[in-house]
Amino acid sequence: MSEIAPTREARHTRHGSSIGQPMTRREGVLKVTGAARFAADNHPPGILYAVLAVSTVARGRLVSLDLAAAKAHPGVVDVMTHENRPALASDPDEKSNPFMFRLDLLQNDRVRYAGQPVAVVIAETLEAATEGAALLAPRFEAETARVGLNGAEVFAPSTVGVGNPPKAEKGDVEAGLSAAAHRVEATYETPAQYHNPMEPHGVVAVWEGDRLSLDMPSQALVMAQGRLAGLFGIPPENIHIRSPYLGGGFGSKGFPAGPQVLGIMAAKLTGRPVKLVVKREQMFGPVGHRAPTRQRIRIGMDETGSLTAIENHTRTASSTYDDFFEAAADVAHTLYASPAIRTSYEAVRLDTGTPLFMRAPGEAPGSVALESAIDEAAQAAGMDPLAFRLKNYAEVEPISGKPFSSKALRECYRQGAERFGWDTRPLEPRAMWDEAGRLRGWGVGTATFPALMFQAKARATIRRDGSGLMETGAHDMGQGAWTALAQIAADALGLDIDAVEFRAGTSDLPDAGIAGGSGHTATAGMALHQAGANAIAKLGELAVNDEASPLFGAGNVGTVARGGRLVRRDDESRGESFSDILARAGLTHIEAEGAAQPDGAAQEAYAMHAHGAVFADVSVDPDLGQIRVTRLVGAFAAGRIINPRMVESQLFGGMIWGLSFALHEEGVSDPRTGRVMNADLAEYQIPVQADIPAMEAILVHEDDPHVNALGIKGVGEIGITGTAGAIANAVWHATGRRLRRFPIRLTDLL
Ligand code: MOS
């Protein structure tokens, strides 16, 4: 991207070794000076502003809207309702694959959750649209809302997560439990959490005939094109999406959300550009949330503390009209060696929006429960919780029996424990007090997340002036893709990063797949790596077949790119510049494409996961129950680290969310109305700066020869796993109280 200024580190990077450098964000200055344009910063000429009116009941029917009052307001241009909305080419309730989530696009007068859009007011100003929406004063016929996990109609979901089987079993769990010398049985509850990236979902939509131009944050540009093409009946290539920056995504921007599609419909209805941005309180409904879970865990151990059985039976919830089941139990497949493992699910349907992927879907709530239960098991066996985890270390993936492609978890435990000072921890709880008279406690949790890879494409161009251009439609949610992927791109061409123009963030570029599943750096990075290799190979072919080249005849030994030159692999002093090769061939540039996909054979042969260990130090006021996390140390092994500075930030972000999971976040629904009662960032509690302790993230070295040619595992989600369990375990160690309902509140300790 041409507007990106090089960083100081970039200028000092050695040729061909951008990977591994702790570069600062290449777009950082643009962001902190406000020059970076996020979707809602765009105001095309003639723009109108759209504001949602949403349901105040969770189940029922829209009875009336005061359209006359809204339309009489000066500045209001139109009101879009289920009666006048533009026709769609496909039913928003159609579902032809598990990723195609049903949307609420004013298809009728039914209300399926509180906060569901029921009308869109479109006006010349944001203020007029906001007032118009208030004047609509919608009235509803309400039916009794289904709230909470105690619903009577419990059923077995047919899949969980993203098409995972809802049951898995290895060995004989009942036999393992009945033969056990020690047993733990406990139920853990995790709450609903609502997607609230700093940047709410929004869109600026412009129609030109049957072409659609969008400024819209997206974690998956090509999938968004496909979904919108289906809804509007136009070819995907007619849809151009610009998404250079996202103010966070966390899974909620993987697919266009209903309100964003409504903005596009409003532009169609009025024939003018429309901007629609979801208000903060409207985030608690139509843009996805993490469903609550209730996890019953049973663990058996023999006399020596070796596990004999692990079982997790999870109850969770989806909406009444679509399927997404949080795969919380499945983390038990991976973490601990046990001859018997069983996971299973049941679910209820609630009058909520449909749950969705949220950072570490499955693993986040699953590891909270499992890491708490493992701690209880260690206590039952009379063992130190870290020693207990090492005793039950999984040398192969427990459920599949496959070897790990790499697994430096033992080293994570060792380095984390050493930095933390774990070896002085007393075994018994309530044994440490600080100078202020507060109870202190230390806990550990294991982190894990799969090393996923998807499909992506990229294009590499080498220009006669010796510079490079690398293109892929990658997404920067704030995680640092502009920087980390540019580092990979530079190395792929053997060029200094300043000599490479890197383009990403728009839908007209090669498909970079989805920025999700912690797989974006591996996926888009491998496509760039491959495109670069293909471009260099083309250049090499020109040179080795050209008698005028010092590389003539080097075809057998091969050539390699170094600092803008192609050199003999066996003698790097012999070679010539990219420019000379292209000039002699009479070419202005050379171009090649590259594609990445997971290696099916390697995936069949190996279990691929990143791992980590998180250590937490908490203090608890013995009278008031106030819990403070005073220190967090995480040690993570995630294959090759492209940029240690970005990775540390990702891990801090994850660990902070883990702290939030343990002590703060909870969407509370009113059992009478089904409305979220704390639908704002004042009462939907998240940690503030003062809640964040001293944190360290240790990057443990790990070479993985199997995950992909670059050895990248991904770090976007693993930080949230392990942390909440470590904090809950530290609270136990401080107080002697096992608290199994999250978040843990000070009132739980009174
Ligand atoms: Mo993530 S929940 O795959 O953005």
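Me: What share of the 750 residues in the protein chain is buried?

Reply: In this predicted model, buried residues make up 57% of the 750. A residue counts as buried if 20 or more other C-beta atoms lie within 10 Å of its own.

Me: How many of the contacts with a separation of 6 or more join residues 24 or more positions apart?

Reply: The share is 81%. A contact here needs C-beta atoms within 7 Å.

Me: Why is one side of E3 and of E12 left without a neighbour in the sheet?

Reply: The open sheet has 7 strands in the order E3-E5-E1-E13-E10-E11-E12, with mixed pairing. Strand E3 (76-80) and strand E12 (239-242) stand at the edges, each with a single partner strand, so one side of each has no neighbour in the sheet. The twist averages 20° from one strand to the next.

Me: How do you know that E10 and E13 pair?

Reply: Pairing requires at least two bridges. Strand E10 (residues 202-208) and strand E13 (residues 274-277) are joined by 4 bridges, so they qualify. The two run antiparallel. Gly 202 stands opposite Val 277 in E13.

Me: Which helices pack on this sheet?

Reply: Helix H6 (residues 221-232) touches strand E11 (211-215) and E12, and its direction makes about 140° with that of E12. Helix H7 (residues 258-270) also packs on the sheet. Among the strands that H7 touches are E1 (48-54), E5 (117-123) and E10. The direction of H7 makes about 30° with that of E10.

Me: What span is expected of helix H10, and what does H10 reach?

Reply: H10 (residues 409-420) has 12 residues. At 1.5 Å a residue, 16 Å is expected, and H10 reaches 16 Å from its first C-alpha to its last. Just after H10, Gly 421 takes a positive phi of about 85°.

Me: Which residues of H10 are buried, and what do they pack against?

Reply: Leu 409, Cys 412, Tyr 413, Gln 415, Gly 416 and Phe 420 are buried. An α-helix has 3.6 residues a turn, so residues three or four places apart point the same way. The buried residues of H10 pack against helix H9 (385-391) and strands E27 (609-620), E28 (627-637) and E29 (694-699).

Definitions and conventions
Residues are numbered from 1 along each chain as its sequence is written. This is a predicted model: local features need pLDDT of at least 70, side-chain atom pairs count only at pLDDT 80 or more; totals for chains, interfaces and linings use all residues. The expected span of a helix is 1.5 Å times one less than its number of residues. A residue is buried if 20 or more other C-beta atoms lie within 10 Å of its own, exposed if 12 or fewer, and partly exposed in between; C-beta atoms are placed from the backbone. Two residues are in contact if their C-beta atoms, placed from the backbone, lie within 7 Å. Axes are lines fitted to C-alpha atoms, for helices over the stretch in contact, and angles run from 0 to 180 degrees between N-to-C directions.
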